[in-house]
Amino acid sequence: MGQREQGTQHGSKAERTVGIIGCGSMGERHARAFIATGRLEPCLRVTHLCDRDSARAHRVADLFTQAGLPRPSVTVRAEDLFADGGLDSVDVVLPTSAHHGVCVQALRAGKHVLVEKPLALDVEQAASMVGAAAANDRVLSVAENYRRVGANRALRALLDRSDGVVSMTTDIVCSPLHDARHNAADWYADPDTAGSYLAHEMGAHEMDLVRFLLGEVESVHCVPRFSAHEPSRDPRRATGLFATLTCASGAVAQMSLRSSDHEPPGGSRRIVLEDGGHVLSQAWEVWDGWHQGRGGARTTTDEALTALAAHTGEVGNGRGSSDPALRHEPVRPLFARDDVARSGVASAVHEFAHAVAGVREPEIDGVDGMRTLALCESLILSARSSRTSWSGSRSATVAGMSTRLDRS
Ligand SMILES: NC(=O)c1ccc[n+]([C@@H]2O[C@H](COP(=O)([O-])OP(=O)(O)OC[C@H]3O[C@@H](n4cnc5c(N)ncnc54)[C@H](O)[C@@H]3O)[C@@H](O)[C@H]2O)c1
């Protein structure tokens, strides 16, 4: 990565800047994450906020004022940010169908880009975003937050040090989109704007976690379930997607993604290890069950992972450690457990600041985001065709696409 020298001089350090495009529910979380990480080095100062609903952007601007920070300027037009030569980067937190167009425009205008998951609606859009980043030598990073939660990073270190994983089972239950408990914007119910709610919106988190914890996926087989009131039989509108994924490592992941009127929303996960140990969770983003080690000793997962997180944090740079798993820098928790900025979103924006500063490549770049998205698409393709997807020509197409783009 070339030295990124766009920051303006502020005091003794170069100050790099970011504008948030989209100030809805996640945009506000991103703003809080930039505020929380603003005292770290490197960091990005939020100078611009954009939302076509200016009241939302002003509400988010208030957060900066309340934190004693300079108030970002507010606009309803993303083009105003692209035209500002002093702005280094943008954080795109828009409905998914807008990711492709806005990100490509930003990259062509010379801005580094952080974008919410899923990267885009489909692999073709994703490939054109990756191409724009390469052609303009800009960072394209995906703000996936689950893998960046400290417990998931610590779990990855634990799996790296185990004899291998037999299986991972994931059961995610969302409330239906028409349900007021859901609290999601209306666009989530429209496949042309969100992709499939289960496969793209929820599935992007799950596919990224499977890849992060178990490694690359070789095949996907998915069976859909529809409510009696859904005549279309379009898997993007299914109320259940039930998938089996086989990984190159030999591990098998079973995934059930459902929306249900009758069950409380939530998630549960279980990983079975070759040595008979297992890790359980009763939560969407973290691991809060228990871990049974090789010798049969049983600790809560939280205790085990906290200890491990502290350990990997300490030796995360690898100096002095002979254990390759402990030298694996990417799984180092970015923040201590009691740090206000320890959420996955804060880790994502902090990591983006490192990439903009030229310190290190983003962990989830455009090619990586495209691989996850291809698996989300594979759920739908397999559900539609009743055949195993991803292992065949589609896998080759995406692999070929990313190899070509890697080389360009
Ligand atoms: N990582 C996570 O856990 C997580 C959770 C929820 C959503 N998301 C993702 O975050 C993104 C945003 O979701 P959200 O829930 O914040 O949506 P939202 O509807 O709450 O917010 C989107 C905002 O974008 C604005 N907007 C739409 N089009 C615009 C345009 N062309 N120019 C300027 N402003 C525009 C809207 O007015 C709205 O304020 C989506 O990609 C979604 O998939 C991620």
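This report covers a helix pair, the backbone exceptions and the ligand surroundings of a predicted model.

## Basis of the model

Local features need pLDDT of at least 70 and side-chain atom pairs count only at pLDDT 80 or more, while totals for chains, interfaces and linings use all residues. Residues are numbered from 1 along each chain as its sequence is written, and side-chain values use heavy atoms, with hydrogens and water left out.

## Ligand surroundings

The ligand is surrounded by 21 residues, a residue being near if one of its heavy atoms lies within 4 Å. The closest are D51, R56, N145, Y188 and E201.

Three of these residues are described here by polar contacts, that is, pairs of N or O atoms within 3.5 Å. A polar side-chain atom of N145 lies 2.7 Å from a ligand nitrogen atom. The side chain of Y188 places an N or O atom 2.6 Å from an oxygen atom of the ligand. For E201, a polar side-chain atom is 2.6 Å from an oxygen atom of the ligand.

## Helices α4 and α5

Two packed helices are described by the angle between their axes and the distance between the axes. Helix α4 spans residues 99–108 and helix α5 spans residues 123–135; helices are DSSP runs (H or I, at least four residues) and strands are DSSP runs (E, at least two), numbered from the N terminus. Their axes, lines fitted to C-alpha atoms over the stretch in contact, come within 9 Å and cross at roughly 10 degrees. The two helices are therefore roughly parallel, the term for angles under 35 degrees.

On the α4 side, H99, H100, C103, V104 and L107 take part, and they meet Q125, S128, M129, A132 and A133 of α5. Contact here means heavy atoms within 4.5 Å. The contact residues comprise six nonpolar, four polar and no charged; Ala, Val, Leu, Met and Cys are among the nonpolar types.

## Backbone exceptions

Most residues other than glycine have a negative phi, and most peptide bonds are trans. E41 and P42 are joined by a cis peptide bond with omega about 0 degrees, and P42 sits in the loop between α1 (25–36) and β3 (44–50). Another cis bond, with omega about -15 degrees, joins K117 and P118; P118 is in the loop between β6 (112–115) and α5.

D137, not a glycine, has a positive phi of about 50 degrees and lies in the loop between α5 and β7 (140–142). Its relative accessible area is 48%, so D137 is partly exposed (buried is under 20%, exposed over 50%, partly exposed in between; 1.4 Å probe, protein chains only). R233, also not a glycine, has a positive phi of about 55 degrees. R233 is in the loop between β9 (217–225) and β10 (240–247) and counts as exposed at 51% relative accessibility.

How values were computed: Axes are lines fitted to C-alpha atoms, for helices over the stretch in contact, and angles run from 0 to 180 degrees between N-to-C directions. Angles under 35 degrees count as roughly parallel, over 145 as roughly antiparallel, 65 to 115 as roughly perpendicular and the rest as oblique. A polar contact is a pair of N or O atoms within 3.5 Å; within protein, one must be able to donate a hydrogen and the other to accept it, and residues adjacent in sequence count only if both atoms are side-chain atoms.
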